[in-house]
Amino acid sequence: MALSRHVGNKVVRKPDRAAGALAAGFVVLLLATELVLTLPDAADSPASVANFYAAHRALIIILQLLGLVAAGLLGAYAWRLRSVDRVVAAAGMIMAVCGLIPSLITLAIAVVADPDSPAAAGRWNMLEPRGDDTLFVGIVLFAGAVAVRLGRRLPALGLLAVLVAVSCSARLALEIAGENRGPLEAIGPLSFLVLIAVMALLSFLGILGAESPPSATARAIGQSG
């Protein structure tokens, strides 16, 4: 009977609260660090870049260290996902590694920034867009894996992942072509954060948790239906 099968499904659902906490922590920490300070653009002059980083050196270093922690939380969450889907977990860990690169470049600028000799800061600052591109490649890889591997079981999650992959791919293509990214500059990252937040909630609820074999009682109830 239908009620028995429903009860059986509830028995095998296993929430992964640790995974949910890791993903939620990543979202909160990333938002906190991104909203505190706006960094110079790649088109800014080496002198203005060096002056800005020298004036805010301590704060920038702290924020980027927190960014590295956020990437670590994301990698740990991806590792937890191996019980859900190993391909998604592997893609997530690659994405987390890609997420280290922008923070490391920014840290390098903060360390070498010298208003009296701004050339080094200017050279590192020119690499910032490439670090962002690497991160977006990782995001596209992860979102694509979620869409393909989990989309059939969770269509709404799959659609959200497709949106992330398409918007970030378009943003990446415009960046490479040297075109104005327009609204995609914000849509891509925000949609990615929404995807991770949704996955955090699904992990808390057990929908993305590891499924344990049903107990003998649950199997007996299911067979009786």
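Mentor: Here are a few labels from this predicted model, each set against its cut-off.

Trainee: Why is Glu-175 called buried?

Mentor: Glu-175 sits in helix α8. Its relative accessibility is 15%. Buried means under 20%. So Glu-175 counts as buried.

Trainee: What makes the pair Glu-175 and Arg-130 a polar contact?

Mentor: Their side chains come to 2.9 Å. The cut-off is a pair of N or O atoms within 3.5 Å. The pair is a polar contact.

Trainee: Which residues does Glu-175 touch, leaving aside those up to four places away in sequence?

Mentor: Pro-129, Arg-130, Asp-133 and Arg-181. Contact here means heavy atoms within 4.5 Å.

Trainee: How do you know that the span of α5 agrees with its number of residues?

Mentor: Helix α5 has 27 residues. At 1.5 Å a residue, α5 should span 39 Å. The end C-alpha atoms are 40 Å apart, which agrees.

Trainee: What caps the N-terminal end of α5?

Mentor: Asp-85 does. One of its side-chain oxygens lies 2.9 Å from the backbone nitrogen of Val-87.

Trainee: What lines the largest pocket?

Mentor: The pocket has a volume of about 1,400 Å³, and 40 residues line it. Glu-34, Pro-102, Asp-132, Leu-135 and Glu-185 lie nearest its centre. Helices giving two or more residues to the lining include α5 and α8.

Trainee: How many of the lining residues are nonpolar, polar and charged?

Mentor: The lining has 24 nonpolar, eight polar and eight charged residues.

Key:
Residues numbered from 1 in each chain as written. Predicted model: local features only at pLDDT ≥ 70, side-chain atom pairs only at ≥ 80, totals over all residues. Heavy atoms only, no water. 1 Å grid on protein atoms, 1.4 Å probe; cavity = no way out; pocket = protein on both sides within 12 Å on 5 of 7 lines; lining within 4 Å. Points joined across faces, edges and corners; volume = space filled by probe spheres on them. Helix = DSSP H or I, 4+ residues; strand = E, 2+ residues; numbered from the N terminus. Nonpolar A, V, L, I, M, F, W, Y, C, P; charged D, E, K, R; others polar. Buried < 20%, exposed > 50% of the residue type's maximum accessible area, 1.4 Å probe, protein only. Polar contact = N/O pair within 3.5 Å; in protein donor to acceptor, adjacent residues only side chain to side chain. Expected span 1.5 Å × (residues − 1).
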